[in-house]
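Open the model in your viewer and switch to a cartoon view. We will go stop by stop.

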Amino acid sequence: MSESPIILCVDDDTTVLVALRTLLSHAFGNRYVIEIAESGAEALEILDDLEQQGKQLSIVISDFIMPGMRGDELLISLHQRSPQTITIMLTGQSDFEGVKKAINQANLYRFLEKPFNHDDIILTVKSAFLAYEHERTLTQQNTQLRQLNIELETMLKQVQESERLLEERVLQRTHELDEKNHALQQALRTLEDVERIARHDLKTPLVSISAAPGLLRAGRTLSAHEEEILSMIESASNRALSMVNLSLDLFRMESGSYVFRPSSVDLLSLASSIVLGLSAQAMSKGIQLHVEAEGENFFVEADDSLCYSILGNLTKNAIEAAPENSDVELRLIKGEWIELRIHNAGAVPLALRENFFAKYATAGKSGGTGLGTYSSHLLATVQGGQLHMQTSDDEGTTLTLCLKHASLPLKSNQIVGNSGRLEQALSSAADRSETQGITRVLLVDDDDFNQMVMADYIEQANYELDSAINGRMALDRVASKRPDVIILDLEMPIMGGIEALRLIRQFQMQAKQEPSFIIAYSGNDDDLSRQSYLDIGFDACLSKPSSREEVVCMLARACQSYCQQIA
């Protein structure tokens, strides 16, 4: 417990001293210790005693005119010995020079005239004590800061010594780090090459292969065996495309930079394709794998390849988890959402149930990575959907994929998409040549099969099509006959799309040709890449691969742009 503060009253008039002690005792009770002295010498003796006892004098109230030592001289002496002590002068016969001296040399806190007012004395002492406590706190903090500063200086010396030693070690390791940095740069370039290969050299032909069965079916009747072969081609290519897409887009989804571009996806057709592709796996365990649909037209607002990844992962997991000679059912139900329920008779292990969709969560599965259900949940979420799991030992396990309703399918010679937009675009394309004068499209792509698929899309929309396999050939085509629209792949041998864009723009300006509407055709479909293509002079961007709807709508946009220019 801290000691009570000490107040020293000094006056040669004992009546005044008694009055002060009585007043202060009555006002503050036992909160303060009150000492009195009848002269300056006696006051200094009291200060000596207090110092010997290790006590601090808090406040001094001194008369000004006293025999022997005047009040200002006393306060100056006290301040020199005890700087924290608050000094108050009390007199009726002071001169200005004495007060000034006390203020300057004794840090005089307050000057009160006699006869003093009781309330003034009490308020002044209260205020003085607060000032004293504040000053003492600051002094303690300053002492602590000085000690901390000493400690910090010591630590700084230690740190400096450590830095010296570290610098020596760094110098020894610099060469090794430079070599490792070079190796990392080589690895990064390799990674970039792999991604480029995945996007251009793998993804583009896979999409072309996936579209081929649709082209073969158009306008002809196939035998059951031929249809089975085409369905197997579709299933295999979609599965490979799904794996490529997932590996490229999973990081973007996790970081929040993935851009979801929905279309209308036939979930029933997709589920049937998955079942066909996994039927041999199911048969090896004696499992009956089948699809049930409660109604018709199960079209969802989604991405086809992402849905394929989800269904493929979950159905394969259901087959692996199901007991021998049991059923795995894919059931489609309409409601507020379109639901696809995948059920098997096996139960999820207890240790896995709470973290079923967590990354790397797996239990009892040989070679399992724990990424299948995690990625499926992530893919459902980025499409604005949901994925839930229910499991019990009695009922088995049901995974429910919920996706938003989409528009009905297009006509048989059209792909799944937004029917209103595509029909409108095709309708406008039918009348375009007579009214707008935009007829000629130049497709520049080094992939033969992709050219065939895109040609089918473009020619069915009643556009005249020319093609080139690289930028140099495209420049020759432009010089020979100006195209209204150029769909320009970016990565091609001999001359890529970006260089071709610059040379085509330059040629058309020099030849005083009307600028063609040039579309960047690229697998880099993130917003940053798209904006960079627009910044260097492309008029629009088309994702590679593109659906029929996307191609036709982009050509309609080019027509609209032309109309605005000539208006």
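Which strands does helix α2 lie across, and at about what angle does the helix run to β2? Select residues 40-52 to find out. This is helix α2, and it lies across β1 and β2. Its direction makes about 140 degrees with β2. Keep in mind that this is a predicted model.

**Next stop: the sheet.** Five strands form an open sheet here. Follow the order β2-β1-β3-β4-β5. The pairing is parallel. Now select 33-37, which is β2, and 108-113, which is β5. These two strands stand at the edges. Each has a single partner strand, so one side of each is left without a neighbour in the sheet. Turn the view to look for the twist: it averages 15 degrees from one strand to the next.

**Zoom in on one pair.** Select residues 6-10, strand β1. Strand β1 pairs with β2 in the parallel sense, over five bridges. Pick isoleucine 7 and look across to β2: its bridge partner there is isoleucine 34.

**Another helix on the sheet.** Select residues 71-81, helix α3. This helix packs on the sheet and touches β1, β3 (59-63), β4 (86-91) and β5. Its direction makes about 160 degrees with that of β3.

**Last stop: helix α5.** Select residues 118-217. Leucine 152 has its place in this helix. Is leucine 152 buried or exposed? Leucine 152 is exposed, because its relative accessible area is 51%, and exposed means over 50%.

Methods
Residues are numbered from 1 along each chain as its sequence is written. This is a predicted model: local features need pLDDT of at least 70, side-chain atom pairs count only at pLDDT 80 or more; totals for chains, interfaces and linings use all residues. Side-chain values use heavy atoms; hydrogens and water are left out. Two strands pair if DSSP finds at least two bridges between them. Helices (H or I, at least four residues) and strands (E, at least two) are DSSP runs, numbered from the N terminus. Axes are lines fitted to C-alpha atoms, for helices over the stretch in contact, and angles run from 0 to 180 degrees between N-to-C directions. Contact means heavy atoms within 4.5 Å. Buried means under 20% relative accessible area, exposed over 50%, partly exposed in between (1.4 Å probe, protein chains only).
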